[in-house]
Amino acid sequence: MSTLVIVESPTKARTIRNYLPAGYQVEASMGHVRDLPSSADEIPANYKGEAWANLGVNVENNFEPIYVVPKTKKKVVQELKNALKKADELILATDEDREGESISWHLLEILKPKVPVKRMVFHEITREAIREALQNCRDVDEDLVHAQETRRILDRLYGYTLSPLLWKKIARGLSAGRVQSVAVRSIVERERERRAFQSGSYWDLKAILQQEKSSFEARPIALGSKKLATGSDFDPSTGRIIAGRDVVLLNEAEANALKERLVNKTWTVSNTEEKATKRKPAPPFTTSTLQQEANRKLGISARETMSIAQKLYEQGYITYMRTDSVHLSEQAIAAARTCVEQMYGKEYLSPQPRRYSTKSKAAQEAHEAIRPAGQTFRTPQETGLGGREFSLYDLIWKRTVACQMAEARLTQITVNIDVEDAVFRSSGKRIDFPGFFRAYVEGSDDPEAALEDQEIILPPLKVGDTPACKELEAVGHETQPPARYTEASLVKTLEKEGIGRPSTYASIIGTIVDRGYVQMRQKALVPTFTAFAVTSLLEKYFPDLVDFGFTSKMEQTLDEIATGEAKWLPYLKHFYKGEEGLETQVKVKENEIDSTVAKTVQLENLDAKIRIGKYGPYIEVENGDDAIKASLPIDLTPADLSPEQVQILLRQKIEGPDKVGLHPETGEPIFVKTGPYGPYVQLGEKTDENPKPKQTSLPKGVAPEDVTLEMAVGLLSLPRLLGTHPETGGKIKASLGRFGPYVVHEYKDEGEKKQKKDYRSLKAEDDVLTVTLDRALELLAQPKRSRGGTSKKPLQELGSHPEDNEPVNIYKGPYGNYIKHGKVNVGIPEGETVESLTLEKAVKLLAEKAASKTTKRKSARKKTTKK
């Protein structure tokens, strides 16, 4: 008997194949095989004349979705149909969440199998899990399918109904989304708070005291029996002390006067307090908390985190990565406790196994938290993983093991020291027993916050002690606006508010960045002018659709559909049809929305209007009967725009660009201008005779007002020829590019006509205008860095190829490990590992790959000849 097993990806297929008995054929569907039409070209001809055709959903006939097989999937579908013809049984083994259930249902609808069908689910890809899943197959869950289908239709109706309105009223190419638009609104609201924020200043003192040769820091908390003002006493909307707060506010002069009054006085300990506290480990990872911690600790995006986690799952390293649950199976708890005992000792085990339960009613994805796969947990070093896969597995392993470790025991120490009428305080922390700190400490969204495993040691102090004051200085402080969202803090907020599913956050954040609603600066999410305009329109005319409560209720209803508690069709009718439905709202509001107003962004403290134009945002001010307009640089956001910048842009528009001077060789004027891509220098005027004058962008960090004539001449001379390479005779140049300053070696290999270029980025200490040939040669001699920022090092060096003595190495690639010799790459076959491969085996595999390439080329030439 032969059985066809269908999964989503080739990687998953390769892993599962190792655990199935003989007679099982595993094929990949490559994700979804069917979906709503993504473009007008995909709409079936018999529906194209219908009013609802662009939606891909027949809203006049019970919201019947029009599914199509995309062109890219037709070959896959045919291959699956051919494989099914030879099978006696079909097993659908797609992922266990709604998405996976939906894929299985679509496969049934397309393949129309005439053999018995089973649905197999598992949350980890191990031999034991697969064999257990084979014994416990079920049918496709119709409730889960309806929930996913409703979600898909709802998102299509939302996006395809609102987005065209945004195109008409603001700009082409914009999009709205059920979760996307709420996420953008959250980021915009935070930026509004930052712009409205009024900073307050206050001063205090910092004392360095010494007791028994041990130094420690103390800060004033009270003066003359009154509390000293701190940042929390200020009103963020005024920058002043909140009304009713009875505190002492020191300015710089008063702080320095206090310093002079106290510096030579006696400091006396008036109170000491020790408080024992305990810290419990965080629960194991869910999708959301994994994304947050990976962003905080590894600096990787939610999208990349999910991509890496998917690979780890499909290769059998971790359990399913889309889950809301913090539950661990008894098997997993036992495995974690074994790790603790073996690696840290019995004293680090929690007295009783810790069992976590999910508080969220909406938790509905997999049945277990994200953890290392298997009945025993491989340590990170035992996996053979490298790079970010290793780092993410390491994070998951540590978090899982830590959750079964003993509590950390700490002592918080507070010491008050009196000097004259001032009271200073020093706070310390002592770790009495590190417990789970040995394995894992949760990160913080506040970069200034000390991690919990960091001790602050104070010397032994008792009431009456008189520590010596070694240093005393006045310190100024400015209150800070609320921090911008990072990916981690946005994910945390969305989950807390019940907006969307954690498994979709990665794609949502990716979408709002890709669509130009948000710019990523370091880790901060900074909204653009387009985000402000779209959010303002939706808030004014469709407030429910960007309301946290409304969107959370939608999510709750979709969860109820998944459990059978709510019906999907009445819900869709209520959302889209009727007097209050989205369809009617858009038709009514379209006539009310003034396009000019919708394209306008009003910012506090700016007299100029910002408008969204066809080619990007621009500023506009009235000048008598006329209006003056000036384009804004593409990467400029509301956070960056100040009244001073507005004046510079308008002055350049009225008076022309700033002239730096005349080029010493050509006599042409050199201007500093600001364009869509930022500030740049330009040689000469733009005329009919000179339609494309030479232009060079300013280096990062150089402001237009700092440009000198010498610097401008140097920038316009780029690329600079530094000399020739002593070995190849090729030219070596220095220049500026999209990713910053660089040096390049241009050369040709012997016998080749095509020129090659070898690039190296300049370091922070290098100047593109002064870098020397010797320094360029030094940089070019260093190993080339990969896009991830690390040198491409082989996982294993197998030796030299017998034919040409060139190295044969094993490398880690985006789709798995592979063997490389010269320009030939070949993946490691099933059943082989990095450790098991020998040079002899590798040479044979490389020869087979080279032969197959030759055959393909010959075949292609024959086809061309026949034509």
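Predicted model: local features only at pLDDT ≥ 70, side-chain atom pairs only at ≥ 80, totals over all residues.
Two residues are said to be in contact when heavy atoms of one lie within 4.5 Å of heavy atoms of the other.

**The chain as a whole**

The protein chain contains 23 helices and 34 strands, and its C-alpha atoms fill a box of roughly 95 × 85 × 75 Å when the box is taken along the principal axes. Of the 867 residues in the protein chain, 47% are buried. Among the contacts in the protein chain with a separation of 6 or more, 65% are made by residues 24 or more positions apart.

Thr287 is found in helix 8, which covers residues 287-298. Is Thr287 buried or exposed? Its relative accessible area is 1%, and because the cut-off for a buried residue is under 20%, Thr287 counts as buried. Leaving aside residues up to four places away in sequence, Thr287 touches Met306, Met321, Arg322, Thr323, Ile370, Pro502 and Ser503. One of these neighbours, Met321, has its backbone oxygen 2.7 Å from a polar atom of the side chain of Thr287.

In soluble globular proteins, nonpolar side chains tend to be buried together. In this model the largest nonpolar core has 164 residues, and those with the most contacts inside it are Leu162, Ile170, Ile318 and Ile619. Helix 5, residues 142-169, supplies the largest share of this core, namely 10 residues. Apart from this core lies another, of 24 residues, including Leu250, Leu258, Ile413 and Val419. Ile318 touches, among others, Ala309, Leu312, Tyr313, Ile370 and Ile396, when residues up to four places away in sequence are not counted.

**Helix 8 against helix 12**

Two packed helices are described by the angle between their axes and the distance between the axes. For helix 8 and helix 12 (residues 387-402), the angle is about 120° and the axes are 11 Å apart. The two helices are therefore oblique to each other, and helix 8 passes helix 12 in a right-handed crossing. The residues that make the contact are set out below.

| Helix | Residues making the contact |
|---|---|
| Helix 8 | Thr289, Leu290, Glu293, Ala294, Lys297, Leu298 |
| Helix 12 | Ser391, Leu392, Leu395, Ile396, Arg399 |

Note on methods: Residues numbered from 1 in each chain as written. Heavy atoms only, no water. Helix = DSSP H or I, 4+ residues; strand = E, 2+ residues; numbered from the N terminus. Buried < 20%, exposed > 50% of the residue type's maximum accessible area, 1.4 Å probe, protein only. Polar contact = N/O pair within 3.5 Å; in protein donor to acceptor, adjacent residues only side chain to side chain. Core = buried A, V, L, I, M, F, W, Y, C linked by side-chain atoms within 4.5 Å. Axes fitted to C-alpha atoms, helices over the stretch in contact; angles between N-to-C directions. Parallel < 35°, antiparallel > 145°, perpendicular 65-115°, else oblique. Left-handed = near helix turned anticlockwise from the far one by under 90°.
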